[in-house]
Structures are given as structure tokens and as C-alpha cells.
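Subject: Structure handover

Hi,

Here is the structure I promised to pass on. Please open it next to this email, then read my notes below.

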Amino acid sequence: MSDLVSIVVPIYNVERFLTKCVNSIVNQTYKNLEIILVDDGSPDNCPKMCDEWASKDSRIKVVHKENQGLGFARNTGIENASGKYILFFDSDDYVDTTLVEECIAAKNENNAQLVWYSMSDVNEEGQVLSSAKGNGTRLYSDNKQVTGELLPKLMSHDYRLGEPANFAFSAWSGMFSMDIIREHNLTFPSERQIISEDTYFLLKYFRFAERVVTLDRILYFHYINTSSLTTTYKPDRQEKLNFFFKVTSELIEKLGYDDEIKTRLCMLYHSFTLAALKMIFTSSLTQQEKNKLAKGILQEDILQSSISTNALNREKKTVRLFYRFASLKQFWVCNLILRFKK
């Protein structure tokens, strides 16, 4: 008999996307599914829509809960999952109808504990904006390969080696073994506490995965809201990024990862910080307010201490220049680079 596969979909305020998402799941060519729709206290019509879906398809289980955020909603899905394998889909995204079948085939052929697939960013009309696509199907056959070769590529690009991050680094990028999740009691932290909660969960999971298969087929379609406002900068964003870097560094140390993973975390943290700084300079704040905020971020000890030559050497030229001037506390040059950086 075929393995039961659980699919967890956290749901909050996505009524205009939910039908497309759930349609792509119930129409999977692989039929032995348990579909767990976690209504995270959604204030719109999503709770009703979930119950209507459950009345039409016996494979659908609905859990209504108070709003606690994406990470805890995924944990609720894990608690209610009965499958041998589990996937986490975002409710404003959709998937190829062959996704589960292709993951199970790859798992069976390679005795894999994780199957990682390719994806595209799409707008609301389904137009592809960009893609993260692997180069052929590949098996990483032990944990040394998984953590030494695959994981670094997933965490960040490496311009020095000409090594792009060909896959997304997200919980919705793979099919996971429930045996590993249960054996090691793996859960997601709240994204309200640890921004990029996916990274925290994945670092734990990858530490215990011995056999991982990557697929070059684009099977997941991630929605990007191209009309969203980019003018709002939340004052506590960098504080959250700094906390993320601190606790994730501690996790990497605790799990015994090598220096390469520590370097890739620095690169990831630097990319998040650059994005936050870009948000500041595209906001509606006055130029004086922008300069003050940016200078405050660049002066913070945790950022200054993270600017290692090893990490910077992996970056493209403009990023290397930016952080080197930041380490020299030449903040006016950093501001110029940010304004003109594409």
C-alpha cells in the first residue's frame, strides 16, 4: 500500500487565494493524502471555506485555532498529522498536480528522508517572475554531503565560486520524513519571536537527514504581491534580525555545524539587513530620518562583529564594498551605495 502523505496548509486572511491553493492539492495525481487545513483564527471567510472543503473531500481535516502565526500553525499541523511524510504549503501559493507523486517516486527510488524541489515566484495572474531551479536530479547520500554540499548552497549564493542558490530555502520547498520530525521532536518557532522561522527549523532537520534528493522540476509556485507597498519600515525589524542571527548562531554551534554553515548564516543575515536598509531608503521617511536609522543599524555591535572577511569574499562587488565601508564606519559611503544599488 502507498505511503500516507500529510499536507499542512496554515490559513489566515487569504480567501481570494484559498480555492486555487486547495484545488491544486485535492487534484494531486497521488491520492493517498491527508490534507490538514489549519485555520489560524482567520477573520475573513476562510474558516467557512475550509469547512466547505472538508464536507466535499474526506481527506481534508480542518483545525480551527486562535491566531498565533505561521510557525505555530505548522506545529498544529504536525501534531495532527498521521502521514509517513509531510509537506508544508502556504495558502496563497499553489502546486503542480504531480508534486506529491514525483516526490514519492524520488523518495522510493533513493530511499530518501527529504525530497527538495524547484519553484517559481509568480504574480496573481500566474506569470512567472523568477525561478529557483536545480541542475538535474541529485542524491546526497550521507549527512556529510547533505550538510557540507547541499545545505550551504541552499542558505546563500556564493559569487566567488559562481555558485547561486538554485533552490529556495523554505519549509514549503520539500517533503519531510515524519520519523525524523518525531524522533527529534522538531517544531517551528514563532516567526513573531524568530524572524525566518523556516531557517531555524530547517537547520535542525538537515542535521539529522542522511539521504536527500533534489529535483530540477518546478513543482511549487510561490505568490509574490507585486503591488504591495514597500514604503513601510517597521522600527523593530533590525532588532528581530539581530535576535535571529544570535539564536541561530547558537543553534548552529549546538548542533555541531562547521565554519562553512556559520559563514553562510552571516551571508544570509547580511542579505536580510541589506533588504531592511533598502526598505528604509524607499520609505516615506525624511532623508534625515533615513540616515539616522541606517547609521544606527550599521553601528550596532552584532552587525559589526558579523562582518567577516571570509563571508564578504563570497559576495558580489557592491555588497563587499558596502560592508567594508560599514566596518570602517564610513556610513555616508554606505548610504550612497544603498541609494544606487539595484
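Start with strand 2 (residues 33-40) of this predicted model. 8 of its 8 residues are buried, so strand 2 is largely enclosed by the rest of the structure. Buried means under 20% relative accessible area, exposed means over 50%, and partly exposed lies in between (1.4 Å probe, protein chains only). Helices (H or I, at least four residues) and strands (E, at least two) are DSSP runs, numbered from the N terminus.

In a regular strand the side chains alternate between the two faces of the sheet. In strand 2 both faces are covered. Leu 33, Ile 35, Leu 37 and Asp 39 are buried on one side. Glu 34, Ile 36, Val 38 and Asp 40 are buried on the other. Strand 1 (residues 5-11) runs parallel to strand 2, joined by 7 bridges. Two strands count as paired if DSSP finds at least two bridges between them. Opposite Leu 37 of strand 2 stands Val 9.

A note on conventions. Numbering starts from 1 along each chain as its sequence is written, and side-chain values use heavy atoms, with hydrogens and water left out. Since this is a predicted model, local features need pLDDT of at least 70 and side-chain atom pairs count only at pLDDT 80 or more, while totals for chains, interfaces and linings use all residues.

Next, strand 10 (residues 212-223). 9 of its 12 residues are buried, so strand 10 is largely enclosed by the rest of the structure. Its pairings are these:

- Strand 6 (residues 114-122) pairs with strand 10 in the parallel sense, over 8 bridges. Trp 116 has Thr 214 as its bridge partner there.
- Strand 8 runs antiparallel to strand 10, with 3 bridges. Leu 139 is the bridge partner of Val 213 in strand 10.
- Strand 5 (residues 94-95) pairs with strand 10 in the antiparallel sense, over 2 bridges.

Now the cores. A nonpolar core is a set of buried Ala, Val, Leu, Ile, Met, Phe, Trp, Tyr and Cys residues joined through side-chain atoms within 4.5 Å. The largest one has 72 residues, and Phe 176 and Phe 206 have the most contacts inside it. Helix 9 (residues 259-281) gives this core its largest share, 11 residues. A second, separate core has 42 residues, including Ile 25, Ile 60, Leu 87 and Val 213.

What does Phe 176 touch, leaving aside its neighbours within four places in sequence? Its contacts (heavy atoms within 4.5 Å) include Lys 84, Tyr 85, Trp 116, Ile 181 and Tyr 205.

Helix 14 (331-340) also has buried residues: Phe 331, Val 333, Cys 334, Asn 335, Ile 337 and Leu 338. They pack against helix 9, helix 10 (287-299), helix 11 (301-306) and helix 13. The loop between helix 13 (317-327) and helix 14 holds Lys 329. Lys 329 is partly exposed, with a relative accessible area of 48%. Its phi is near 65°, a positive value in a residue other than glycine.

Ser 196 also has a positive phi, about 60°, although it is not a glycine. Look for Ser 196 in the loop between helix 6 (178-183) and helix 7 (197-208).

Two more residues to look at. Pro 47 is in helix 2 (residues 46-56). It is buried, with a relative accessible area of 17%. Beyond its neighbours within four places in sequence, Pro 47 contacts Asp 39, Ser 42 and His 64. Pro 47 and Tyr 12 are 35 residues apart in sequence and 8.9 Å apart in space, C-alpha to C-alpha.

Glu 239 is in helix 8 (residues 237-255). Is Glu 239 buried or exposed? It is exposed, with a relative accessible area of 57%. Glu 239 and Glu 300 are 61 residues apart in sequence, with 9.9 Å between them in space, C-alpha to C-alpha.

That is what I found. Send questions whenever you like.

Best wishes
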